[in-house]
Amino acid sequence: MIKRFITQNWEIKLISLVLSVLLWSFVTFRGQSEVILELPVEFKNVPVGYELSSTSTNTVNVSISGQERIIKAISPQDMSVYVDVDKVKPGESIVYLKNSNIKLPPSLTIKNISPSYVILHIEELLTKTVSVKPVIKGTPRKGYVISEITVNPDNVSVTGTKQSLAKRTNIETEPVDIKGAATTVEKTVPIILRNYTVATQKDTVKVTVVITGENK
C-alpha cells in the first residue's frame, strides 16, 4: 500500500516536492544581506605589572551576513571584537582572530575578518627614581632676578616600560609662570607624566621661585 502511495502520480508528487523546496529557499533567503563593519578591538586582561605598548591595529573589518532587517537594527553595543591577552607572553606576539573573538547577535553569520591577526607587543613595567626638574616660564620684573629655585619633593618614583625609562633621569613639571613677578612665587603644579605613572608619590610638586632685587 505504501509502495502504491509512493509510485502513484509520482510525477505530480515530485513537482510538488521541488516547488516546496524552492518556496522554502525563497522564504529563508529573501532579504539576506551582507555588510562589512569596521569595529574597534578591545584588549582585555593585561597582566598586572605589564603594559600593552603597541598593537598592529586597533580596528578590524568584519564581514557579516543575515536578515537585512536584523543587520539594520543592530547597534554598536551589539557587536564587539576583543582579544584576551592574559596568556600572551611578554615581547612580540601574533594573535589570530577567530569567530570566538567576535560578539554579535546569534542570528548573524561571520563571513570574514580582516586583518585576521593582530601583532601585540607587551612589556614588563619597571619603577625608577628620577629627579624633578621645575620648568619656569617668563622673567621677573625689571630690576629683579631669580635667586633660588626649589622643588618639593625633588625626586619621584615613576613606573614605565624598560624602553621608556632607559635614558630617563628627570621628569619635568608644568610651567610655573613668573612673568613680571617682584616677590617669591610659590605654586603647586603637576609633573608631566607622558608615558609614565607615579609609583609612590602624588603627581604634583611644590615649586618655589625666590625672586629678589638685583642689588640685594
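Colleague: How many of the 216 residues of the chain count as buried, as a percentage?

Modeller: It's 28% of the 216 residues. Buried means under 20% relative accessible area, exposed over 50%, and partly exposed in between, with a 1.4 Å probe and protein chains only. Keep in mind that this is a predicted model, where local features need pLDDT of at least 70, side-chain atom pairs count only at pLDDT 80 or more, and totals for chains, interfaces and linings use all residues. Residues are numbered from 1 along each chain as its sequence is written, and side-chain values use heavy atoms, with hydrogens and water left out.

Colleague: Why is threonine 161 called buried?

Modeller: Threonine 161 has 6% relative accessibility, and the cut-off for buried is under 20%, so threonine 161 counts as buried. You'll find threonine 161 in strand S11, residues 155–161. Strands here are DSSP runs of E with at least two residues, helices are runs of H or I with at least four, and both are numbered from the N terminus.

Colleague: Which residues does threonine 161 contact, leaving aside its neighbours within four places in sequence?

Modeller: Glu51, Glu123, Glu124 and Leu125. Contact means heavy atoms within 4.5 Å.

Colleague: And why does glutamate 214 count as exposed?

Modeller: Its relative accessibility is 53%, and exposed means over 50%, so glutamate 214 counts as exposed. Glutamate 214 sits in the segment after strand S16 (204–213). Still, beyond its neighbours within four places in sequence, glutamate 214 contacts Gly143, Tyr144 and Val145.

Colleague: What makes S6 and S7 edge strands?

Modeller: Picture the open sheet first: five strands in the order S6-S4-S1-S3-S7, with mixed pairing. Strand S6 (102–103) and strand S7 (109–114) each have a single partner strand, so one side of each is left without a neighbour in the sheet.

Colleague: How do you know that S1 and S3 pair?

Modeller: Two strands pair if DSSP finds at least two bridges between them. Strand S1 (residues 32–44) and strand S3 (residues 59–67) have nine bridges, in the antiparallel sense, so by the rule of at least two bridges they pair. As one detail, isoleucine 36 has serine 63 in S3 as its bridge partner.

Colleague: What makes lysine 44 a charge over the ring of tyrosine 82?

Modeller: The rule asks for NZ of Lys or CZ of Arg within 6 Å of the ring centre and within 35 degrees of the ring normal. Lysine 44 lies over the face of tyrosine 82, at 4.6 Å from the ring centre.
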